[in-house]
Amino acid sequence: NTTTTTHRQPRQLSVNYYAKTCPQLEQLVGSVTSQQFKEAPVSGPATIRLFFHDCFVEGCDGSILISTAPGSKVFAEKDSPDNKNLRAEGFEIINKAKSLVESKCPGGVVSCADILAIAARDFVHLAGGPNYQVKKGRWDGKISMATRVPPNIPRANSTIDQLIKIFKSKGLTIEDLVILSGAHTIGFAHCEQFVNRLYDFHGTKQPDPTIDPRLLKALKMSCPHYGGNADIVAPFDVTTPFLFDHAYYANLQGKLGLLASDQALVLDPRTKSLVQELGKDKQKFFQAFAVAMDKMGSIGVKRGKKHGERRKDCSFHM
Ligand code: HEM
Ligand SMILES: [Ca+2]
Ligand SMILES: [Ca+2]
């Protein structure tokens with residue numbers, strides 16, 4: 001069970017990286033994200049999660065965007081079971097934005113990894129969250145292997161110790177874990193991710209005692225123990241599932257967390273006080289989230305031809 005350590009000294013990223021080579025980059029990506037946000041608001045959570053899953057495996061290098069080569073037995077990251085629930089909308093947006101960027105700034109000047117970082121920020125802001133500047137200069141990666149995914153992506157039933165360990169291996173702190181988990185203020189999870197909490201928590205044949213009884217009842221209606229529809233999803237934030245606010249943290253204190261890994265943040269003394277603070281103070285959450293996204297966006301950044309490439313199509317290596 002090897003966790004890849006990707007917190008080597010981050011290569012320098014800068015806000016003005018494309019000032020000469022593609023000055024209109026942010027407007028180009030912004031035209032795609034704002035259009036998609038209107039047509040399909042789920043594009044927001046889809047893209048933010050995509051960015052997280054990119055950065056945690058091989059660093060923020062667009063490795064998540066690669067398709068398995070036809071006929072190949074080596075599956076790409078996106079075909080790992082841990083990534084099968086990533087919504088198609090996220091991939092579509094990046095491909096759309098990339099074609100538009102290639103039409104104006106041709107030749108693989110702008111990396112797919114940077115486009116993903118910009119799009120994720122756009123959606124945070126469009127959904128009502130903080131606006132912040134995105135540093136750029138990531139190259140795309142040459143490696144995308146499904147086998148590298150499971151040890152690097154946290155799971156719904158991971159313990160706090162496991163979550164802290166994975167975050168630490170990326171150069172992220174316990175505070176970053178709490179702050180970045182706040183992304184679950186928007187979006188949805190499939191029943192399979194939390195069904196054991198509803199009926200048979202840790203083999204007790206009883207529901208998880210840390211779920212609010214009314215939420216438990218509602219979730220049981222959507223998600224039967226056996227034989228339910230595998231496509232059913234429930235919102236992470238029962239109060240404002242499409243609004244990027246700090247309600248997630250107040251919900252945790254009210255036993256309204258969806259995943260065991262969400263609820264755990266308020267049950268552990270190492271994370272509880274920060275949950276309480278963020279639940280009280282939206283400005284503090286927004287400010288901290290912007291800083292933490294910048295930090296997450298710097299994981300394992302590559303530059304140069306030795307480790308990187310300049311893709312023209314985000315789904316395929318050069
Ligand atoms: C701390 C450990 C984390 C765990 C265990 C975790 C786990 C999950 C799971 C199981 C889902 C539901 C997948 C599905 O059933 O479709 C999900 C969705 C989501 N995650 Fe996380 N996550 C974590 C951290 C993060 C971070 C750091 C971010 C971003 C900064 C993030 C953003 C999202 C978003 C936006 C969704 C909703 C996706 C959608 O509705 O399409 N998560 N996460
Ligand atoms: Ca990656
Ligand atoms: Ca919310």
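This is a predicted model: local features need pLDDT of at least 70, side-chain atom pairs count only at pLDDT 80 or more; totals for chains, interfaces and linings use all residues.
View 1. His-184 sits in the loop that runs between α6 (174-181) and β2 (188-190). His-184 counts as buried because it has 25 C-beta neighbours inside 10 Å. The unreviewed UniProt entry lists His-184 under "binding site".

View 2. Pro-154 touches Gln-162, Leu-163, Ile-166 and Ser-261, leaving aside residues up to four places away in sequence. With 20 other C-beta atoms within 10 Å, Pro-154 is buried, since the cut-off for that class is 20 or more.

**View 3. The largest nonpolar core, with 74 residues.** Ile-94, Ala-97, Ile-115, Leu-116 and Ala-119 have the most contacts inside this core. Helix α4 (residues 112-126) supplies the largest share of the core, 10 residues. At least three core residues come from each of domain 1 (25-154 + 297-309) and domain 2 (160-293). In soluble globular proteins, nonpolar side chains tend to be buried together.

**View 4. Contacts of Ala-119.** Ala-119 is among the core residues with the most contacts inside the core. Not counting residues up to four places away in sequence, Ala-119 touches Val-29, Thr-33, Thr-47, Ile-93, Ile-94 and Ala-97. Of these partners, Ile-94 and Ala-97 are also listed among the residues with the most contacts inside the core.

Key:
Residues are numbered from 1 along each chain as its sequence is written. Chains are lettered from A and ligands numbered from 1 in the order in which they are written. A nonpolar core is a set of buried Ala, Val, Leu, Ile, Met, Phe, Trp, Tyr and Cys residues joined through C-beta atoms within 7 Å. A residue is buried if 20 or more other C-beta atoms lie within 10 Å of its own, exposed if 12 or fewer, and partly exposed in between; C-beta atoms are placed from the backbone. Helices (H or I, at least four residues) and strands (E, at least two) are DSSP runs, numbered from the N terminus. Domain bounds come from an automatic or database domain assignment. Two residues are in contact if their C-beta atoms, placed from the backbone, lie within 7 Å. UniProt positions are given in the numbering used here, feature names are shortened, and annotations may be inferred rather than shown by experiment.
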